[in-house]
Amino acid sequence: MAVISRGFHGRRPESGRKLPPGQYETFDFPVLSAGPTPRVSREEWEFTITTETGVRHAWDWGRLMDLAAETPTVDLHCVTKWSKFDTTWKGVSLDLLLADVETAADFALVFSYGGYTTNLPLEDLLDGRAWIAYEYDGAPLAPEHGGPARLLVPHLYLWKSAKWVHGIQLMPEDDPGFWESAGYHDYGDPWREQRYQGD
Ligand SMILES: Nc1nc2c(c(=O)[nH]1)N[C@H]1C(S)=C(S)[C@@H](COP(=O)(O)O)O[C@H]1N2
Ligand SMILES: [Mo]
């Protein structure tokens with residue numbers, strides 16, 4: 001029996017939403033970690049922003065909770081080609097965390113408990129585009145997804161959203177992180193399909 005597939009080309013997103021080039025839609029939430037999951041309690045968790053001149057701004061869990069939270073609903077795009085629409089988070093915007101940080105830096109290197117790093121232009125952390133997220137889908141962020149808190153910067157491929165985030169170093173020059181040093185694109189815009197260096 002012939003399979004009728006006229007007008008159906010490839011993996012069409014179930015939701016009918018527009019996917020970035022080369023992506024397919026998934027409804028589960030895959031876990032992608034380059035190493036073991038670090039177990040960091042909220043009590044020991046600390047997040048720092050260090051400027052290019054060495055000025056250090058630090059938040060413990062209590063200070064983070066004292067800040068106004070936002071509840072963004074965002075789409076996730078992983079370079080391994082899955083995308084997940086309409087994920088719901090709670091967290092503190094980087095706009096708020098950077099508000100009192102005096103800097104002339106253009107770049108940020110994000111570092112995590114466990115040693116993971118990723119780099120991005122500082123401006124991509126601003127204008128309501130990035131959060132330190134500590135709840136996912138109404139519950140505390142699970143350790144395998146980066147709990148107690150992760151960076152969430154959904155307009156770039158998900159490898160930029162550092163799990164178990166521990167700090168950000170601001171820098172005048174760009175400095176590639178873990179995957180960026182291994183051949184992944186320096187910027188990683190899913191809509192321009194910037195997967196690898198040279199894309
Ligand atoms: N600290 C840390 N953050 C990380 C990673 C990692 O290995 N370590 N993997 C990245 C990659 S490649 C992806 S696709 C996402 C996966 O997030 P998830 O496991 O919550 O789906 O986390 C990113 N953040
Ligand atoms: Mo990824």
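Q: How many bridges join strand β6 to β11, and do they run parallel or antiparallel?
A: This is a predicted model. In it, β6 (residues 107-112) and β11 run antiparallel, joined by six bridges.

Q: Which residue in β11 stands opposite F107?
A: That's M171.

Q: What about β2, in which sense does that strand pair with β11?
A: The parallel sense: β2, residues 46-50, pairs with β11 over three bridges. T48 stands opposite G167 in β11 there.

Q: Is β11 mostly covered or mostly open?
A: Mostly covered. Strand β11 covers residues 165-171, and five of its seven residues are buried.

Q: OK, moving on. How do β4 and β5 pair?
A: They pair in the antiparallel sense, with four bridges between β4 (residues 73-77) and β5 (residues 82-93). L76 stands opposite K84 in β5.

Q: How many residues lie between β4 and β5?
A: Four, and the two strands form a hairpin. In the turn, K81 has a positive phi of about 95°.

Q: New topic: how much space lies in the largest pocket?
A: About 510 Å³.

Q: And which residues lie nearest its centre?
A: L32, S33, A34, Y116 and W179 do, out of 28 residues that line the largest pocket.

Q: How does that lining divide into nonpolar, polar and charged?
A: The lining of the largest pocket has 19 nonpolar residues, seven polar and two charged.

Notes
Residues numbered from 1 in each chain as written. Chains lettered and ligands numbered in written order. Predicted model: local features only at pLDDT ≥ 70, side-chain atom pairs only at ≥ 80, totals over all residues. Heavy atoms only, no water. 1 Å grid on protein atoms, 1.4 Å probe; cavity = no way out; pocket = protein on both sides within 12 Å on 5 of 7 lines; lining within 4 Å. Points joined across faces, edges and corners; volume = space filled by probe spheres on them. Nonpolar A, V, L, I, M, F, W, Y, C, P; charged D, E, K, R; others polar. Buried < 20%, exposed > 50% of the residue type's maximum accessible area, 1.4 Å probe, protein only. Pairing = 2+ DSSP bridges.
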